[in-house]
Amino acid sequence: MRLWIILAGLNGLMGVAMSALGAHAFPGNPTAQGWVSLGAQFQLIHAVALLAGERMAWSVLLFNLGIAAFCGSLYLKAFGLADWLPGLVTPAGGMCLMAGWLTMAIYGLKRR
């Protein structure tokens with residue numbers, strides 16, 4: 001089980017990072033953005049599947065903060081309701097998501 005947690009954490013970290021890369025590294029190339037987005041989506045889904053119900057308190061906390069800040073700010077932006085948000089809310093949420101995956105991987109490394 002320890003290996004699955006390590007792999008889930010690292011795959012989640014990479015999925016979030018690749019999603020960010022795809023959003024910023026390919027301006028004007030929707031095909032490349034689509035490929036990276038789809039790959040990141042599948043990687044994240046399968047990273048979660050590796051957990052098979054395993055729970056780590058710090059990861060869960062960071063995931064919830066990241067979802068609220070990152071996803072919430074994107075939804076508000078999509079609806080034109082984010083004018084009042086500080087500009088760093090979205091990247092801070094992304095960092096929380098990556099930190100959640102990293103703490104999961106560290107948990108897996110330390111688990112006996």
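Reader: As what does Asn11 count, buried, partly exposed or exposed?
Author: This is a predicted model, in which local features need pLDDT of at least 70 and side-chain atom pairs count only at pLDDT 80 or more, while totals for chains, interfaces and linings use all residues. Residues are numbered from 1 along each chain as its sequence is written, and side-chain values use heavy atoms, with hydrogens and water left out. Asn11 lies in helix α1 (residues 2–24); helices (H or I, at least four residues) and strands (E, at least two) are DSSP runs, numbered from the N terminus. Buried means under 20% relative accessible area, exposed over 50% and partly exposed in between, with a 1.4 Å probe and protein chains only, so Asn11, at 26% relative accessibility, counts as partly exposed.

Reader: What is the relative accessible area of Gln43?
Author: Gln43 has its place in helix α2 (residues 30–51). Beyond four places in sequence, Gln43 touches Asn11, Met14 and Gly15. Gln43 is buried because its relative accessible area is 16%.

Reader: How far apart are the C-alpha atoms of Met104 and Ser59?
Author: Met104 belongs to helix α4 and is buried, with a relative accessible area of 2%. Met104 and Ser59 are 45 residues apart along the chain, and their C-alpha atoms are separated by 5.8 Å.

Reader: What is the distance between the end C-alpha atoms of α3?
Author: The expected span of a helix is 1.5 Å times one less than its number of residues. The 22 residues of α3 should therefore span 32 Å. This agrees with the distance between its end C-alpha atoms, 31 Å.

Reader: Which helix is included in what covers the buried residues of α3?
Author: The buried residues of α3 are Ser59, Leu62, Phe63, Gly66, Ala69 and Ser73. Thr90, which is in helix α4, touches Ala69 and Ser73, among others. The cover of the buried α3 residues includes α4.

Reader: Which residues make the nonpolar surface patch of about 470 Å²?
Author: Patches are made of residues with over 30% relative accessible area and no salt bridge, like charges being joined within 9 Å and nonpolar side chains (Val, Leu, Ile, Met, Phe, Trp, Tyr) within 5 Å; a salt bridge is a side-chain nitrogen of Lys or Arg within 4 Å of a carboxyl oxygen of Asp or Glu. Phe79 lies in the loop between α3 (57–78) and α4 (89–110) and, at 67% relative accessibility, counts as exposed. The patch is made by Leu74, Tyr75, Phe79 and Leu81.

Reader: How many disulfides does a search of the whole structure find?
Author: A disulfide is a pair of cysteine sulfur atoms within 2.5 Å. The cysteine sulfur closest to that of Cys71 is in Cys96, 12 Å away, which is too far for a bond. Cys96 itself is partly exposed, with a relative accessible area of 21%. Over the whole structure, the number of disulfides found is zero.

Technical notes
Areas by Shrake-Rupley, 256 points an atom, 1.4 Å probe, with all protein chains shown as cover. Contact = heavy atoms within 4.5 Å.
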